[in-house]
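Keep the viewer open as you read.

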Amino acid sequence: MNINKLKEIVMKYVFLFTAIISIVAVVLICVFLFANGVPAMKEIGFANFLGGTKWKPGNGLYGIFPMILGSIYVTGGALIIGVPIGILMSIFMARFCPDRLHKVLKPIVDLLAGIPSIVYGFFGLVVMVPFVREHFKGNGQSILTAALLLGIMILPTIISVSESSIRAVEESYYEGALALGATHERSVFTVVVPAAKSGVFAAVVLGVGRALGETMAVMMVVGNQARVPDSIFKGVRTLTTNIVLEMGYATDLHREALIATGVVLFVFILIINISFSILKRRGKE
Amino acid sequence: MEKNITPINQLSWKDRLKSYKKHPGSFILLLLVGASAVITVTVLVYLVGYILIHGVPYLRPSLFSLTYNSDNVSMMPAIINTITMVLLALLFSVPFGIGAAIYLVEYAKKGNKLVELVRITAETLTGIPSIIYGLFGMLFFVTALHWGYSMLAGAATLAIMVLPVIMRTTEEALLCVPDMYREGSFGLGAGKLRTIFKIVLPTAIPGILSGIILAIGRIVGETAALIYTAGTVAEAAGVMDSGRTLAIHMYSLSREGLHTNEAYATAVVLLIVVLLINGLSSLIARKLEAATK
C-alpha cells in the first residue's frame, strides 16, 4: 500500500518534470543565443550591426542591414503570392468543394506541407531558376524566384489554419445571409469569412513566420549576395542564409556576428509568435 | 403554364448560370476560388511529377551499395543514418512529450499558472525556425557539452524541435478519452497511475501514434538544424560520430553540382518516404474517426 502511494507521488513529479522540459528548452535557447550573440553586437556596435550596409567579415565590416532588407523583401513577395491563393483555396475547401473532392484535396495540401524544404529548394533550383532566367531579367537567382518558391511553401500553412477557422464559423451566419437573398458567394465572402477574420489573419501571420525562417530552400534560389538590392531580379541574402553560408568556416568575431544574426532573426520570430497567439486567443473569444 | 417544383436548395446548373448572370460579382468570386484550387493542385502535381520523372530512372541498385565514395555517391549510408537519427530523436522526445501531455491533462488543475507557461513555451517552440534550433544545438550540445558534431547532438536538437508536435497530439488524444473510462477505473479501485497506464494511454494510442508519425516526417526532412550539429560526413555513423541524413545528403549533392542525377534520385526517395508517412497518418486518422463515431 505504502509502496503504491510512493509510486504515485514519485510518478507525479516525474510527469511534472517532463512537462517543465519545454520551459527549460525555451530558456536555454534564449540564454545561449543571447549570451553568444549580444557581446558581438556590442563589440560591433548596435547601430553599425543593424544599420550597416556592408558585410565584409574579411575587413571587419559586419552590417546586416542588407540581410534584414533581403528577408523582408523575400517574405513580402512570398506573401503577395501565397496569401491570396492560400486564403481563396481555404475558402474553396471550407465552403465550395463537395465532400468527395475534399477527400482528394486534403491529402494534397498535407503532402505540400510534408515535402522537405530541401526538395522544394532543389525543385526551385532546377525548374524555377531557369524559368526566371529565360522569361525575366537576370541570372535567375533572385528575389522574385525566392518569393515564388516561398509563396508555394507557405500555402499549406495558410490553407489549413484558415480553413479550420472558416469552418468554425456558425452555420447560422451563412444561412442568415442566404435567407436575405445573397448568393452563395456573397454570403461566404461578406459574412462567413469576415466572421473568421482573426483566424484567417493568424494563418497569414503563421505564414510570415514560415517564410522568414525558411533557410535551405531560399538559399538555393536567392543568389546570396550580401548587398542592398535595387531590383527584384537581383540576388540578395536573407538572415537565415547568412548563418548557414558562413558558419562552416567562421571564427571569432565573425562567428559571433553570425550568431548575432540568429538573435535578430529570433527576435523577429518571437514578435511574430506573440502576435499569432494574441490573434488566436482573440479568435477563440 | 407549367410549373415544375424543384427543391429550393438544389439548383440545377442552368439555374445557377442564370443567377450568375444577375450577379456577375459572385461569378468572378467563384472563378477566383476555383482558380486558386487549380493552381494549388497543379503546383503539387507538377513538382511531384517532375521529380519522379527525372529521378526514377537514376534509382540504380549501385546507389544503394553499402559504402559511399566520390564516384558512386551511394545513399545507403545516409539512409542508415536517417533511421538512426529518427530512432534517437524519438527516444528523447517521445517519453518527454507523452509525459508532459499526461501531466497537462491528468494532473494539472485548470487555470494553473505553470500549465499556462508550459503551453506558451510549447507554442514558442513550434514557431522557432529550424536554423535557430541548429544554432542552439551547435552552441549547446556540440560546443558547451563537448559532444562534437555527432548523431547524438543532431538527435537531441531535433528532439526539442519535435517535442511540441508530440506533446500537442498526445494532449488532444488524452482529452478525447471519455471521463467515464477514468471514473470506471477509479470505481474499481485502481489508483491514478494504474488508470493512466492501463486505461487512458491504451485508448489514446492511435492519436499518439499519429503525432509520432508527424514527428518522423519532420526529422526525415530536416536539413538546416542538422548541418552544424550532426555534420555532413557521408558514412554510416555511430551515435557519437558525425553523419549525414538523407536530406543533408541531397543538400550536399545538389550543392556540389556534380551529381544532379543522384540528387534527383535522392529526392525521389525522400518524396516516397513523405508519401508513406502521410498515407499512414491519414489511415490512422480515418481509423480514429471510425472509432469515435
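Helix H10 of chain A is mostly covered, with 15 of its 17 residues buried; buried here means that 20 or more other C-beta atoms lie within 10 Å of the residue's own, while 12 or fewer makes a residue exposed and anything in between partly exposed, with C-beta atoms placed from the backbone. Helices are DSSP runs of H or I with at least four residues, strands are runs of E with at least two, and both are numbered from the N terminus. The helix covers residues 197–213, and its end C-alpha atoms are 24 Å apart, which agrees with the 24 Å that its 17 residues should span at 1.5 Å a residue; the expected span is 1.5 Å times one less than the number of residues.

This is a predicted model, in which local features need pLDDT of at least 70 and side-chain atom pairs count only at pLDDT 80 or more, whereas totals for chains, interfaces and linings use all residues. Residues are numbered from 1 along each chain as its sequence is written, and chains are lettered from A and ligands numbered from 1 in the order in which they are written.

Now pick out Arg210(A), which lies in helix H10 of chain A. Is Arg210(A) buried or exposed? Arg210(A) counts as buried because it has 23 C-beta neighbours inside 10 Å. Leaving aside residues up to four places away in sequence, Arg210(A) touches Met153(A), Ile154(A) and Thr157(A), where contact means C-beta atoms, placed from the backbone, within 7 Å. Val267(A) is 57 residues away from Arg210(A) along the chain, and their C-alpha atoms are separated by 14 Å.

Stepping back to the chain, we find 13 helices and two strands in chain A. Of its 285 residues, 51% count as buried. Its C-alpha atoms fill a box of roughly 75 × 70 × 35 Å along the principal axes. Among the contacts in chain A with a separation of 6 or more, 74% join residues 24 or more positions apart.

Chain A is divided into domain 1 (2–51) and domain 2 (65–284), with bounds from an automatic or database domain assignment. The C-alpha centres of these two domains of chain A lie 29 Å apart. Their contact takes 13 residues from domain 1 and nine residues from domain 2. On the domain 1 side, H1(A) gives the largest share, 10 residues.

Chain B joins the picture through 66 residues in contact with 65 residues of chain A. On the side of chain B that touches chain A, H2(B) provides the largest share, 16 residues. That side divides into 46 nonpolar, 18 polar and two charged residues; Ala, Val, Leu, Ile, Met, Phe, Trp, Tyr, Cys and Pro count as nonpolar, Asp, Glu, Lys and Arg as charged, and the others, Gly among them, as polar.

Finally, look at the largest nonpolar core, which has 179 residues; those with the most contacts inside it include Leu149(A) and Val162(B). Such a core is a set of buried Ala, Val, Leu, Ile, Met, Phe, Trp, Tyr and Cys residues joined through C-beta atoms within 7 Å. H6(B) supplies the largest share of this core, 16 residues. Not counting residues up to four places away in sequence, Leu149(A) touches Tyr120(A), Gly124(A), Met128(A), Ala217(A) and Val221(A).

Key: Two residues are in contact if their C-beta atoms, placed from the backbone, lie within 7 Å.
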